[in-house]
Amino acid sequence: MAQPEIAQKAPYALELEAGTYWWCACGKSKNQPFCDGSHKGGEFSPVKVEITEKKKMWLCGCKQSADKPFCDGTHKKL
């Protein structure tokens, strides 16, 4: 299985409004941490994130988290 590209070795700390978002799992998106369709033709698919109220979130930037799309600190080991 291929490994995703590391977009950055830190999480994306974001204040997100309620809504639906698609987190980039391949690491190739130019709109990190969100999907822009760059994964097409590959083995990765974006992860749907649904938020019911405005909140601060830490989305994984290294694409290696065991708790995708959320940061679990894995970037500290890379």
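Author: What follows is a run through some labels used for this predicted model.

Reader: Why is His39 called buried?

Author: His39 has a relative accessibility of 17%, and the cut-off for buried is under 20%, so His39 counts as buried. His39 is in the loop between β2 and β3. Not counting residues up to four places away in sequence, His39 touches Cys26, Phe44, Ser45 and Pro46.

Reader: What makes Lys54 and Glu17 a salt bridge?

Author: Their closest N and O atoms are 3.6 Å apart. The limit is 4 Å between a side-chain nitrogen of Lys or Arg and a carboxyl oxygen of Asp or Glu, so the pair qualifies. This pair links distant parts of the chain, with Lys54 in the loop between β3 and β4 and Glu17 in the loop between β1 and β2, 37 residues apart.

Reader: How many salt bridges does the whole structure have?

Author: The search finds two. Glu50 also forms one with Lys48, where the closest N and O atoms are 3.7 Å apart. That is within 4 Å, so this pair passes as well.

Reader: How do you know that the side chain of Gln32 makes polar contacts with backbone oxygens?

Author: The distance limit for such a pair is 3.5 Å. A polar atom of the Gln32 side chain lies 3.2 Å from the backbone oxygen of Ser29, and one lies 3.5 Å from the backbone oxygen of Gly27. Gln32 itself is in the loop between β2 and β3. Leaving aside neighbours within four places in sequence, Gln32 is in contact with Ala7, Tyr12, Cys24, Gly27 and Lys63.

Reader: Last one: what makes up the largest nonpolar core?

Author: That core has 14 residues, and Leu16, Tyr21, Trp23, Val49 and Ile51 have the most contacts inside it. At least two core residues come from each of β2 (19-23), β3 (47-51) and β4 (55-59). Nonpolar side chains tend to be buried together in soluble globular proteins. As for Tyr21, leaving aside neighbours within four places in sequence, its contacts include Leu16, Phe34, Val47 and Ile51.

Definitions and conventions: Residues numbered from 1 in each chain as written. Predicted model: local features only at pLDDT ≥ 70, side-chain atom pairs only at ≥ 80, totals over all residues. Heavy atoms only, no water. Core = buried A, V, L, I, M, F, W, Y, C linked by side-chain atoms within 4.5 Å. Buried < 20%, exposed > 50% of the residue type's maximum accessible area, 1.4 Å probe, protein only. Helix = DSSP H or I, 4+ residues; strand = E, 2+ residues; numbered from the N terminus. Contact = heavy atoms within 4.5 Å. Polar contact = N/O pair within 3.5 Å; in protein donor to acceptor, adjacent residues only side chain to side chain.
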